[in-house]
Every structure is written in structure tokens, then in C-alpha cells.
Amino acid sequence: MKSHKLTSSLKGLHKWVLIAVVLSIPFVVTNLYYLHLINLIGIYSLVVIGLNILSGYTGQVSMGQAGFFAVGTYTSALLMMKLQAPFWVATVMAAIVAAIFGVVIAIPALRLTGPYLVMATVGFGEIIRLVLVNWVPVTKGAAGLTGIPAPSFFGFTVFSERSFFYLIYAVVALGILVAVRISRSKIGRTFMAIREDELAAESMGVPTNIYKVAAFAIGAAYAGVAGSIFGSFSGVASPDGFTFDDSVGFLCMSVIGGNRSIFGALIGSITLTLLSELLRFMQSYRLIVYGAILLLTAIFMPQGLSGLGPILREFLSRRKRDKKSYDDVQCSQRKGR
Amino acid sequence: MGQGEPILELKGISKRFGGLTALEGINLSVTPGTVHGVIGPNGAGKSTLFNVITGLLRPNSGEIVFRGNSLGRIPPHRRVPLGLARTFQNIRLFKDMNVEDNVLIGQHVHTPTPVLSIIFGTQPATEWEDKAKEVADACLRKVGLESKKSELARNLSYGQQKLVEFARALAAQPELILLDEPAAGMNVSEKAELLHMISTLRDEGYTVVLIEHDMKLLMNVCDTITVLNHGKKIAEGVPRMVRNHPDVIAAYLGKGGDVRAGTC
């Protein structure tokens with residue numbers, strides 16, 4: 001009983017240690033370039049959490065996530081630049097507008113599955129990019145928006161990499177918390193049922209259309225929030241940043257990290273962002289490496305990197321068990337003598 | 001609803017797939033609290049009948065009346081809260097989810113979805129979840145699979161998966177349960193258990209409509225049997241009468257002296 005109490009408080013300790021480690025990152029990583037990468041990882045992971053809820057949980061594969069990301073970035077940037085909206089208002093609006101786009105794309109997508117759905121979402125992403133390029137009076141076309149204001153709260157402006165780190169990871173923590181709650185709730189269970197067998201879910205009373213639309217809205221809202229932060233973080237936004245390649249990149253992060261797990265989004269963002277930096281010397285050839293990794297992941301670990309956790313844990317506990325039984329045998333043999 | 005008034009009534013239901021007539025002018029009425037069997041050779045239209053009743057297919061003509069309401073164009077998911085639940089001929093479980101979650105989906109229409117409570121992690125969401133789990137566990141206990149509730153559905157044996165589907169349908173708290181070949185692929189003892197379960201359900205006041213190939217099972221458990229062949233109803237009545245009906249024997253075994261063998 002006492003030891004149980006101890007282990008549970010140790011588990012609590014775990015959490016605090018993790019939080020302390022994360023909070024100290026900006027002080028340990030003093031190289032601003034690395035900190036910049038860490039911040040990008042945070043932003044991408046928000047996009048990928050949304051994608052995981054949509055694709056991993058609900059089974060609606062989307063290759064238009066960069067489109068929602070773009071909607072968030074431009075909505076927030078334009079609100080701040082033209083209407084002097086405060087950052088948090090712009091971010092909430094970015095989430096709402098992106099979610100509306102999610103609903104709009106979801107309605108035609110309701111009747112589509114598999115490759116047809118993928119094509120529709122690819123088309124959506126391209127439409128958004130083309131609108132950004134061609135709607136010059138508002139979006140400034142290919143030149144893009146410059147001078148997107150930095151977020152400020154109560155007179156304190158978030159400007160340095162370090163302060164952005166805290167802003168971004170506070171949002172990431174919140175995003176993970178909400179996503180985990182959704183995924184473990186009735187909503188998450190219903191999403192999964194739709195992924196597993198839509199017809200059976202419908203026959204058991206699930207209004208599958210409403211849930212699919214909701215999944216698109218949630219996935220888009222996450223990308224919208226990430227986009228809002230991204231705009232203020234980089235100060236500029238142009239259509240080049242929201243191409244089909246970026247959508248594929250998000251999908252790779254989702255699959256490689258494990259799209260049936262919320263934390264998989266974080267793992268995938270870390271892996272792919274670091275990998276793309278390591279492979280920078282290969283320039284556009286690195287897409288070949290991505291493709292190979294994606295293929296290998298799909299074949300050998302369909303649950304992604306996050307799927308390795310349970311396997312590893314089982315492997316370790318089995319080894320421990322084996323060792324223990326081996327020791328027991330040794331012990332009894334010795335006794336026998 | 002008065003005693004003897006049918007819980008489910010089909011009036012002249014027809015369903016065509018292109019040139020193929022799967023159902024033709026089917027009239028059927030199911031008495032509440034009975035077990036109603038539907039039999040017929042392969043391709044007779046039994047599963048189509050279920051799909052029309054549950055709303056997965058829309059009939060070309062005819063009307064379905066369930067507990068006094070015409071089902072008309074009501075989509076499948078809105079028929080469940082009216083008291084209609086089903087199982088499938090080819091098991092359609094949520095295979096990568098655990099057994100309890102499968103049964104919880106059956107509960108979907110009976111628990112609210114407190115979105116804000118879920119996002120903010122407050123009391124109501126967890127309370128509803130606990131309540132739903134209690135009901136789901138009770139349904140699993142009924143089919144004797146409570147001990148398997150944390151296993152993935154895909155890891156269960158075929159017979160057990162059928163039982164999970166059964167429990168999932170029970171979780172929807174239906175008035176009428178449609179069972180599409182529940183005994184297919186079950187071994188003898190599993191069948192005996194199923195038989196016992198179906199008669200228990202009837203005693204508890206459920207109405208059961210049952211598609212089955214296993215004649216012995218049907219004869220033992222059904223109050224009424226309807227026989228379909230080529231989309232038409234060819235006989236209906238108590239089991240003993242149906243078994244000796246010449247058309248039924250002809251449909252199953254062929255007519256004596258008929259040289260059309262191989263064409264049907």
C-alpha cells in the first residue's frame with residue numbers, strides 16, 4: 001500500500017520533471033538557430049495534431065492541411081495588420097475561419113473515401129494557394145504579406161526566440177491537452193468507429209456526417225491556430241510557404257510519428273524537422289529520402305514511431321520476466337544441490 | 001400500442017438493383033414479443049430486406065411502419081433511437097477498438113455528448129462515461145464476454161465476435177433486434193448458447209427478427225417463419241406448417257421432375 005503511494009507520487013514527479021526540462025530548454029539551447037527550429041517544431045506539431053484527429057482517428061486522409069494552415073496565417077495576419085486586432089483575438093478568429101473552411105471542404109468530402117477524398121483535399125489546398133497568389137489587393141499576391149506584427153499581451157511584446165518558445169509551447173501544451181481529452185472521450189471513440197467501419201457506425205445510431213464534418217473542423221482549427229502563430233513568428237507570409245509539398249510534409253510527420261496518437265504528432269514533427277535540417281545539403285533530393293522513410297514506415301511500423309513505445313515496453317518487461325524466471329531456476333537448482 | 005398490433009409492418013416493399021428485382025411486393029408484419037424467422041435460399045433477398053428495414057437501402061416502393069410511425073426517408077442512424085438495432089451477416093465490428101468500446105458505440109444514441117465538459121475535463125463528461133460503461137459491461141455480461149472487454153475486437157474468435165456484435169446491438173436498447181445469420185460459423189455449444197440467449201431476450205420483452213440458414217435453430221426458437229425466394233414471400237406461418245409447405249420444400253430441394261436444375 002505504502003509503496004503504491006510512493007510509485008504514484010513518483011509518477012507525478014515524472015510530470016513535473018518533464019515540465020521543468022521543457023521550461024529550461026531556452027536556457028540550455030543558447031544557439032538561436034536551434035531554438036528557432038524547436039519553435040518551428042512546436043508550430044508544426046499543432047498542425048499535425050489536427051491532422052491526426054482527422055486522418056488517424058477519423059480515417060479521413062487529408063492532403064490539404066497546408067491550405068488550412070495558410071487560411072489561419074492570412075486570417076490572423078490581415079486582422080492584425082488591417083484592423084489592429086490583438087494577437088489572441090486574431091488567433092481565435094484564425095481558428096474559427098479555418099474551421100469554417102474545414103466544414104466547407106467536408107461537405108463535398110462526405111461522399112468521398114480513399115483516393116477520391118485525397119484528390120479532393122489536394123484540390124482544396126491548391127485552390128487556397130491560387131487564391132493567395134491571385135487575390136492581389138488583399139493578399140499582395142506572390143510577394144506575400146510583410147511586417148506581420150508580433151504578438152503582444154498586456155503591453156509585453158513576444159519578440160525574441162526565447163519568448164516565442166514559451167508562447168508556442170504553452171499553446172502546444174494546451175492543444176495536446178484538449179486533443180487528448182477529445183480522443184479519450186465519447187467523441188474520440190466515435191471518430192474511431194467511423195474510421196473502422198462507417199456503415200456499422202451509422203447503423204448503430206452515429207450521425208456519421210456530423211462527426212466527419214466535426215473532425216474536419218477540429219483538424220482545420222488546429223492548423224488555423226498554428227498558422228496564426230506562424231505568421232507572427234516569421235513576420236512574413238507568402239503563398240510559397242503553403243504548397244502541396246508542405247501538405248505532404250505534414251502527412252509524413254503524421255504517419256512517421258504515428259497518426260493514431262496525439263503525441264505521435266510531436267514525435268513526427270521533431271523527427272522530420274530535424275531530418276530535413278540534416279539533409280539540407282541534398283537539397284530537393286531529400287524528398288527521395290522522405291519517400292523511402294514513408295514507405296518503410298507504412299510497411300514495417302504502420303503505427304509510426306509512437307507505436308514502438310508499447311512494443312518496446314512489452315519487450316523490456318518480457319526480458320525482465322525471462323531473466324527473473326532464469327534467476328529463479330538458477331536459485332532452485334542451487335538449492336537442489 | 002394494443003396487444004397483437006404489429007411492431008413492424010412492411011407494406012408492398014419492392015427493391016430493384018438495375019434489372020434485378022431483389023424484393024417484390026413484400027408484406028410482412030412482426031408481432032411484438034415474438035421471434036420472427038426469415039429464411040430462404042441464397043439470393044432470396046433476406047439481407048436486402050434487413051437493409052431496407054434499417055434504412056441502408058431505400059425501397060423503390062412500399063412503406064415500412066415501425067411502432068406506428070412510417071419510417072419513410074428517415075436515415076439509418078435516426079432509426080436506432082426509435083428502437084431498431086441490428087447485427088450483420090459478415091461481422092462488422094470496429095476491429096482495432098477494444099470490445100468495451102465496440103459496445104459503447106451501441107450506446108451512442110442514449111448518452112449525450114457534452115462537448116464543453118469534455119474539452120474542459122469537468123465532471124459531467126466522466127460521469128456519463130462511467131454510466132455508459134456500466135451499461136456496456138452489463139450487455140457484455142449478458143453474452144458472457146465481460147472478461148474480454150479490454151481485448152481488441154480483432155483478437156477474438158469468430159463466435160465471440162458475433163457475440164460482441166450481439167452485445168453492441170443490445171446496448172442500443174432496442175425494441176426490435178434484427179439478427180442477420182447470428183449462428184453462422186458458430187460451433188454446436190455456441191449455437192446452443194445463442195438459442196438460449198434469443199429465448200431469454202423474448203422473455204424479457206424484446207422482439208427479434210432473425211435471418212438464419214440453420215433450420216434446426218429456427219424451428220426451435222421461432223414463433224413465426226417467413227420464407228422468401230427470388231425476392232417474393234412464398235410462405236409464412238408457424239414453424240411446423242412452414243416446414244411442410246410444398247413451395248418451401250420445392251425452393252430448398254427443387255421440384256420433383258423439374259428439369260430447370262442449374263438455372264436457379
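In chain A, the buried residues of H11(A) pack against helices H2 (32-57), H3 (65-82), H5 (114-134), H12 (262-278) and H13 (286-300). The model is predicted, with local features needing pLDDT of at least 70, side-chain atom pairs counting only at pLDDT 80 or more, and totals for chains, interfaces and linings using all residues. Residues are numbered from 1 along each chain as its sequence is written, and chains are lettered from A and ligands numbered from 1 in the order in which they are written.

**Exercise 1.** State which residues H11(A) spans and why it is largely enclosed.

Step 1. Helices are DSSP runs (H or I, at least four residues), numbered from the N terminus. H11(A) covers residues 244-257, 14 residues.

Step 2. A residue is buried if 20 or more other C-beta atoms, placed from the backbone, lie within 10 Å of its own.

Step 3. Eleven of the 14 residues of H11(A) are buried, so the helix is largely enclosed by the rest of the structure. Among them are Phe250(A), Leu251(A) and Met253(A).

Step 4. Gly258(A) follows H11(A) and has a positive phi, near 110°.

**Exercise 2.** Locate Gly205(A) and list what it touches.

Step 1. Gly205(A) sits in the loop between helix H9 (198-203) and helix H10 (208-234) of chain A.

Step 2. Gly205(A) counts as buried because it has 24 C-beta neighbours inside 10 Å.

Step 3. Contact requires C-beta atoms, placed from the backbone, within 7 Å. Not counting residues up to four places away in sequence, Gly205(A) touches His77(B), Val80(B), Pro81(B), His108(B), Val109(B) and Ala172(B).

How values were computed: Helices (H or I, at least four residues) and strands (E, at least two) are DSSP runs, numbered from the N terminus. A residue is buried if 20 or more other C-beta atoms lie within 10 Å of its own, exposed if 12 or fewer, and partly exposed in between; C-beta atoms are placed from the backbone. Two residues are in contact if their C-beta atoms, placed from the backbone, lie within 7 Å. The expected span of a helix is 1.5 Å times one less than its number of residues.
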